[in-house]
Amino acid sequence: MPIQNRHTEFVDKTLEAAKPISLEVPKVATESEEAVAAGSTSQSEEMVVPEVDKKLLEELEAMGFPTARATRALHFSGNTSLESAVNWVVEHEADPDIDQMPMVPVNKNSEVPKPSLTPEEMKLKAQELRKRARKKKEEEEKRMEREREKERVRVGKELLEAKRIEEENERKRLMALRKAEKEEEKRAREKIRQKLEEDKAERRRRLGLPPEEPAAVKPSAPLVEEKKSSLPVRPATKAEQMRECLRSLKQNHKDDDTKVKRAFQTLLTYIGNVARNPDEEKFRKIRLNNQTFQDRVGSLKGGVEFFEICGFEKVEGDQFLFLSRDKVDMQVLNSAGSELNSAINNPFFGVL
């Protein structure tokens with residue numbers, strides 16, 4: 001009987017011990033996990049600037065990249081090397097937010113990964129990048145130099161063409177001058193021949209000899225007259241007026257050839273000074289009563305007239321010859337110089 005009671009008590013105690021076990025305990029654990037997850041979600045909403053390798057950031061800033069761009073490049077390239085960051089910048093330099101500082105959640109702002117390269121390798125990489133930058137700059141400078149060389153060649157060609165045109169015009173002017181000199185020489189020779197014929201006829205007359213039959217000579221005159229009559233009448237050019245003025249001056253003083261040449265040289269000096277210094281008034285104004293001017297040019301008939309053909313005018317009561325700046329004509333002055341040179345160097349000038 002007592003044994004049975006003990007068994008009954010034992011069974012009851014076991015049931016009491018099993019009563020604290022409840023199925024609600026897992027529910028408490030689930031609610032705790034949800035609270036933790038909710039707390040992490042609220043924490044993820046806070047954004048901060050990502051941490052990057054400070055040495056790499058300083059290297060990029062030293063290369064000229066803005067801080068925001070350098071930080072963005074290091075963050076999105078994995079923060080591993082300088083070359084990767086530079087390559088990322090090159091690939092994304094057209095992005096609209098390239099210069100905006102990147103932002104990441106707080107829980108993702110983890111420890112900065114160590115660079116995969118040693119400091120020595122990083123230094124070599126930085127040198128290589130600088131070398132590439134220098135090479136690119138040198139290539140750009142070479143390209144610009146080629147462009148400048150092309151421009152120099154173009155300008156040189158234009159200058160050569162302008163010089164060629166100027167030389168061609170000068171050649172034509174010299175040819176016209178030589179032609180005029182040949183015509184002058186031809187007329188002078190013809191006059192000398194006629195003078196010899198006249199002297200010969202005079203000698204025959206003095207010796208009592210009959211004059212030669214001029215039939216062989218006379219036909220040439222009508223031909224000349226016919227040729228002259230066929231030429232159109234036109235006003236004399238400045239060059240022709242100058243030539244006639246110089247010819248008249250020489251014929252009026254043909255007995256003093258030295259004085260004539262000195263007058264021609266003086267005229268050439270005055271005209272040359274004006275042509276070389278058109279803005280200098282002292283070369284464009286001549287005092288008529290100056291004794292040296294009178295001795296060399298002013299007293300000779302045709303000297304003052306030559307200046308007037310070149311554009312000079314008498315002013316201040318005929319005391320000065322003056323050429324105003326707006327009337328300086330380089331073409332007329334060049335023609336005057338050519339005519340004077342021809343008169344000085346051509347031995348047959350003014351013989352007619």
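Is Arg173 buried, partly exposed or exposed, and at what relative accessibility? Arg173 counts as partly exposed, at 30% relative accessibility, and the notes below start from this residue; the model they describe is a predicted one.

1. **Arg173 and Glu170.** The side chain of Arg173 meets that of Glu170 in a salt bridge, with 2.5 Å from N to O. Both residues belong to helix H6, which covers residues 119-206, and because they are three residues apart there, about one helical turn separates them. Glu170 also counts as partly exposed, at 34% relative accessibility. As background for a first reading, side chains of opposite charge can pair when their charged atoms come close.

2. **A buried pair between two helices.** Glu184 and Arg247 form a salt bridge through their side chains, at 2.6 Å from N to O. Glu184 lies in helix H6 and Arg247 in helix H8 (residues 238-252), so this pair ties together parts that are 63 residues apart in sequence. Glu184 counts as buried at 2% relative accessibility, and Arg247 is buried as well, with a relative accessible area of 10%.

3. **A network of salt bridges.** Glu145, Arg148, Glu149 and Arg152 are linked to one another in a network of salt bridges. One of the pairs concerned is Arg152 with Glu145, whose side chains meet at 3.0 Å from N to O. Arg152 is partly exposed, with a relative accessible area of 44%, and Glu145 counts as partly exposed too, at 35%. For the whole model, the count comes to 25 salt bridges.

4. Asn346, placed in the segment after H13, is buried with a relative accessible area of 10%. When residues up to four places away in sequence are not counted, Asn346 touches Glu181 and Glu184, and Glu184 is the residue that forms the salt bridge with Arg247 described above. Ser338, which lies in helix H13, is likewise buried, with a relative accessible area of 10%. Leaving aside its neighbours within four places in sequence, Ser338 is in contact with Arg173 and Leu177, which brings the reader back to the residue of the opening question.

5. **The sheet.** Three strands form an open sheet in the order S3-S5-S4, with antiparallel pairing. Strand S3 (285-287) and strand S4 (313-315) stand at the edges with a single partner strand each, so one side of each is left without a neighbour in the sheet. On average, and with direction ignored, neighbouring strands of this sheet are turned by 30° against each other. The antiparallel pairing of S4 with strand S5 (residues 320-322) runs over three bridges, and the bridge partner of Glu313 in S5 is Phe322.

6. **The nonpolar cores.** The largest nonpolar core has 31 residues, and those with the most contacts inside it include Leu246, Phe264, Phe312 and Leu321. The elements that give two or more residues to this core are H8, helix H9 (257-276), helix H11 (291-298), helix H12 (303-309) and helix H13 (330-345). Not counting residues up to four places away in sequence, Phe312 touches several residues, among them Ile271, Ile286, Phe307 and Leu321. A second, separate core of 17 residues includes Leu56, Val86, Val89 and Ala126. In soluble globular proteins, nonpolar side chains tend to be buried together.

7. **Where H9 crosses H11.** The axes of H9 and H11 come within 9 Å and cross at roughly 120°. Among the residues that make this contact are Ala263, Leu267 and Tyr270 of H9, together with Phe293 and Val297 of H11.

8. Asn79 has a phi near 60°, a positive value in a residue other than glycine. Asn79 is found in the loop between helix H4 (67-76) and helix H5 (82-92), where it is buried with a relative accessible area of 4%. Glu316, although not a glycine, has a positive phi of about 55°. Glu316 lies in the loop between S4 and S5 and is partly exposed, with a relative accessible area of 48%.

Conventions. Residues numbered from 1 in each chain as written. Predicted model: local features only at pLDDT ≥ 70, side-chain atom pairs only at ≥ 80, totals over all residues. Heavy atoms only, no water. Salt bridge = Lys/Arg side-chain N within 4 Å of Asp/Glu carboxyl O. Buried < 20%, exposed > 50% of the residue type's maximum accessible area, 1.4 Å probe, protein only. Helix = DSSP H or I, 4+ residues; strand = E, 2+ residues; numbered from the N terminus. Pairing = 2+ DSSP bridges. Axes fitted to C-alpha atoms, helices over the stretch in contact; angles between N-to-C directions. Core = buried A, V, L, I, M, F, W, Y, C linked by side-chain atoms within 4.5 Å. Contact = heavy atoms within 4.5 Å.
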